[in-house]
Amino acid sequence: MSFKTDIFPLIASRAVKRVQLAAVEAGFVHNNLVLLADKDHLDALDALLAPGEATFLRQAAAHDVSSFSFPRAEGVLFVRILKSEKDPYIALEDARLAGNELLGELRRYKIETLGIQNLCAENRVLAFAEGLALGSYQFLKYFTKASEKALQEIRISADSASPADITEANALLEAVFLTRDLVNEPHSHFNSIQLGDAVALAAKEYGFEAEIMGKEKIEALKMGGLLAVNRASQIPPRFCVLEWNPKGAKNSKPVVLVGKGVVYDTGGLSIKPSEAMDYMKCDMAGAATVIGALAVAAKTNLPVHIIGLIPVTDNKIGENALAPGDIITMGSGKTVEVVNTDAEGRIILADALHYAKKYEPSLAFDIATLTGSAVRALGTQAICYMGTAPKGVKNNLEESGFATYERLVELPLWKEFGDELKSNIADFKNLGSSNAGMITAGKFLENFVDYPWLHLDIAGPAFLRNANGYRTKDGTGVGVRLLYNFLKKQYLQ
Ligand code: BES
Ligand code: ZN
Ligand code: ZN
């Protein structure tokens, strides 16, 4: 078996030019979209349409038709009428979805630049542009043929969104695209070493600090969990420490973000069946989210001190593999009976969460594609979360979940669930019963924290077999928009 470790895939994928938003003075480009808040505002269109067109549009709108295209000599004029919706978060999401739905037509007309004119659509123009941009994402790196023309620029008139809002939206889009790129990289081109390199490169590109620890340092730190999962691998583990510590940070003690960085999860000796393994390159999605969160924080100069911690390894089989029944000693000194080697995420996260204690975090998150039971419980629409952080923090997080439509559902960390992790030979087992596996995973992690903590199990929404709205197929970048929105809400408002 040989692995290339020298090539660095991130550079090539980042060279792909992805869509950006641009602030422009009011004034039309060739292809334009006019966005209306609802069908009560059709008068605003009269200046743009021929009388016959205006009559036709009124008649159709009366029958709830909400999308129109008028191809003209100079370009296409698109009209979209948004739904009336009382819930502000659903209204924003409807706008994102409407943006995404425009893509088919833009592709048909091979449109690369679109102007958006906001006619009484309030704050929904940015959401519309966001959905359009997120939906336009493609991962084309491994095609040998050059790609077709695609949307490159969305020009938004200055009366619709401030230049500062547009700069911020671009930073966020770029971070989501980076996270998706990292998740979409196949393991053949993205092993543990390369994930460490990607962190170092992102740090340089975005302006945060990073330390990439190799096996010797990990051994010196006695991270017995990370080393045990890595035991059968040809590729050494990494432990990455990312830091964004701006002048004037609003928090005196950092927020810590821990991301599961399993670059490929075969299950180990408790091997996965093929249909559960073929997409397991996604098992570093938590790590990719942490990288994206640090990237957007640095890019927007967010005044919040953030530490990212990423334990990185694959979970392979081999002569020396960790075996079910083995007992390992964790970084914290606690012993764990490894009942199932496929429950590896909690083992490496526990070492990272223990390491986080030295920062005395004001709040720590771990973000992980941790359990199949999270997927079975809530599907791909929600993040299962649980933790010891105060109620106010949880409320803010849930609200950010609705605002970004990366929604979360809390599950209980009742003591009784922890009883399932009692071992008769070590401090804990790494596996509970076949029920409520996402909670017993959370209970396992709870043993390694002594600070306000939230565990986000993103196994459902992180990676989609089929596109869903503007959430493109495969890596979705879930968590980046959520965490950015939350950090602003929690520390800046
Ligand atoms: N990486 C998986 C969880 C996962 C499932 C991620 C689906 C993404 C999509 C994790 O390491 C795992 O294998 N969990 C097992 C644990 C089980 C053996 C207790 C699971 O949940 O099936
Ligand atoms: Zn696993
Ligand atoms: Zn895993």
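Author: An oxygen atom of ligand 1 lies 3.2 Å from an N or O atom in the side chain of Lys260. This is a predicted model, where local features need pLDDT of at least 70, side-chain atom pairs count only at pLDDT 80 or more, and totals for chains, interfaces and linings use all residues. Residues are numbered from 1 along each chain as its sequence is written, chains are lettered from A and ligands numbered from 1 in the order in which they are written, and side-chain values use heavy atoms, with hydrogens and water left out.

Reader: How much of ligand 1 does the protein bury?

Author: The protein buries 83% of the 510 Å² that ligand 1 exposes when taken alone. Areas come from the Shrake-Rupley method with a 1.4 Å probe; for residues, only the protein chains shown count as cover.

Reader: What makes a residue count as near ligand 1?

Author: One of its heavy atoms must lie within 4 Å. Around ligand 1 there are 15 residues, and the closest are Lys272, Asp342, Glu344, Gly372 and Leu431.

Reader: How are the residues of this shell divided by class?

Author: Five are nonpolar, four polar and six charged. Ala, Val, Leu, Ile, Met, Phe, Trp, Tyr, Cys and Pro count as nonpolar, Asp, Glu, Lys and Arg as charged, and the others, Gly among them, as polar.

Reader: Which pocket does ligand 1 take?

Author: Ligand 1 takes the largest pocket. To sit there, more than half of its atoms must lie within 2 Å of the grid points. A pocket is an open set of points on a 1 Å grid over the protein atoms alone, where a 1.4 Å probe fits, with protein on both sides within 12 Å along at least five of seven lines.

Reader: What lines the largest pocket?

Author: Its lining has 35 residues, with Lys272, Leu370, Thr371, Gly372 and Ser373 nearest the centre. Lining residues have an atom within 4 Å of a point. Helix 12 gives the most, four residues.

Conventions: Polar contact = N/O pair within 3.5 Å; in protein donor to acceptor, adjacent residues only side chain to side chain. Helix = DSSP H or I, 4+ residues; strand = E, 2+ residues; numbered from the N terminus.
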